[in-house]
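I went through the structure and wrote down what I looked up, beginning with the DNA surface.

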Protein chains: 2
Amino acid sequence: MRTESGVAGRRSFIEEARRRQIVEAATRVVAEVGYGRASLARIAERAGTSKSVISYHFDGKDELLEQVARQYLDGAGAAMEERLADAGTPIERIRAWVGAQMQYLTADRTGFLAMVEIVTNHRRPDGTRPFDGMDEEETEILGRLLSEGRALGEVRDLDADATAVIIQQSMEGLLSRWAYNDAFDVTAHIPALVDFIDHAIRRDPG
Amino acid sequence: MRTESGVAGRRSFIEEARRRQIVEAATRVVAEVGYGRASLARIAERAGTSKSVISYHFDGKDELLEQVARQYLDGAGAAMEERLADAGTPIERIRAWVGAQMQYLTADRTGFLAMVEIVTNHRRPDGTRPFDGMDEEETEILGRLLSEGRALGEVRDLDADATAVIIQQSMEGLLSRWAYNDAFDVTAHIPALVDFIDHAIRRDPG
DNA sequence: TCAAAATCAGGCCGGGCGGCCTAGAATCGG
DNA sequence: CCGATTCTAGGCCGCCCGGCCTGATTTTGA
């Protein structure tokens, strides 16, 4: 690879197309057979090319898989930032936030499964996980909204930070169920989850 | 191995001791380096023995790892069955259930991590997961308790089955946070979770 | 006591892995 | 148009894996 990685846009047309194609193939393979069985040979076969093409366009398997996860997470992050409503009361914004997050994350099952496999299993040579402490930022957003809600009297007396973690993980828990059970209709459970959270935090339920 | 597997109790003293020792070593190795890097060589080294001892006492790596997960899950199942309170209102029983489950599952971090790694990553040769649909039974228990509570007017109007899934997965979500972040103080969050669930389902909060 | 059975360590084997090399094909730039 | 560059396919390498074999050692049981 001639263009030293890091600066985008300096890549040729073929380079970009190949990277997209390979990332796409890797996503499908990881989602299908899992992280452990996703080899370069399988990915190359799925992409209709050879292993050396992957080696040529990526620094190695690690960079490719990190790219797969990073790509999905970047998309999710951008979509969330865009849909983070400024209007409404804190609880309304939390409801919108939870709904939007669940809706986006369940839109592309293959991408989601691949991301989960990589985030949970990928390790650096020293054993550490590259994708650590990802959702802390989102938890902080929830925590701020809960604090605002408490100040306004809309949210009952509770530990904002602890509750933010619980809300965030209740979402991830539901997504986890969906990840392990294809037949589980997660979208049908989103309203129940939003309602569940609403009643859990609202001071004066109606 | 002479005693055809299946019938327990027919194993010799040495056999039992070795199996316990190897399962213990495998648990620690899987929890430390993850499912993907947990090789027979590493497990044997940790156990202070050689690979062939594992091959002698177990049918293979698959049986060993399934044993590691099964052992933890059996212990959890037995503990839960024992602590499933008969007394109290449905919500009180749900609170007790959630608290007990969280308390037991966080008591042995190493065993829990190994179980999670194996349950999520272990696959049969055909690609299917042996540990599928495990928590459905527990979800059904929660669903029954919610239905009872609704009939008694203690629980608000809600979809019992959907809510049962959400409660179950909110627990697993919190455990997942703990699994990925050693510093996360999960026990400190248990009361907040129980309170969260209580407010989410109770008809007349106070 | 002592042969038979059980248990163990070390080495070896075939296989799949990621990475790399090489020769040639495709593309580009002047 | 053609040399230089980019890109690709296939094969090869060393590594680690799980499984197996062999021969030594320990334990068992009559």
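**DNA strand D.** I looked up which element gives the largest share of the surface near DNA strand D, and found α3(A), with 5 residues. Helices here are DSSP runs of H or I with at least four residues, strands are E runs of at least two, and both are numbered from the N terminus. I counted a residue as near a molecule or strand if its C-beta atom, placed from the backbone, lies within 6 Å of it. On that basis 20 residues surround DNA strand D, and the closest are Thr49(A), Ser52(A), Ser39(B), Leu40(B) and Gly60(B). At least two residues each come from α1 (13-33) and α3 (51-57) of chain A and from α2 (40-47) and α3 (51-57) of chain B. Nonpolar covers Ala, Val, Leu, Ile, Met, Phe, Trp, Tyr, Cys and Pro; charged covers Asp, Glu, Lys and Arg; the others, Gly among them, are polar.

**Source of the model.** This is a predicted model, in which local features need pLDDT of at least 70, side-chain atom pairs count only at pLDDT 80 or more, and totals for chains, interfaces and linings use all residues. Residues are numbered from 1 along each chain as its sequence is written, while chains are lettered from A and ligands numbered from 1 in the order in which they are written.

**DNA strand C.** Two or more residues each are given by α2 (40-47) and α3 of chain A and by α1 (13-33) and α3 of chain B. The largest share of this surface, 5 residues, belongs to α3(B). Its classes are 5 nonpolar, 9 polar and 6 charged.

**Chain A against chain B.** I count two residues as in contact if their C-beta atoms, placed from the backbone, lie within 7 Å. In these terms 29 residues of chain A touch 28 residues of chain B. On the chain A side, α6 (109-121), α8 (160-180) and α9 each give two or more residues. The most come from α8(A), with 11 residues. That side of chain A divides into 10 nonpolar, 14 polar and 5 charged residues.

**Symmetry.** I superposed the copies by least squares on the C-alpha atoms of residues with pLDDT of at least 70 in both. A rotation of 180° with 0.0 Å of shift along its axis puts chain A on chain B, at RMSD 0.0 Å. The two copies are thus related as by a two-fold rotation axis. Of the contact residues of chain A, 97% recur in chain B, and the same surface serves both copies.

**The α9 pair.** Helices α9 (186-201) of chain A and α9 (186-201) of chain B pack at about 105°, with their axes 7 Å apart. Axes are lines fitted to C-alpha atoms, for helices over the stretch in contact, and angles run from 0 to 180 degrees between N-to-C directions. α9(A) and α9(B) are therefore roughly perpendicular to each other (65 to 115 degrees). The contact is made by Phe196(A), His199(A) and Ala200(A) with Phe196(B), His199(B) and Ala200(B).

I found 9 helices and 0 strands in chain A.

How values were computed
Parallel < 35°, antiparallel > 145°, perpendicular 65-115°, else oblique.
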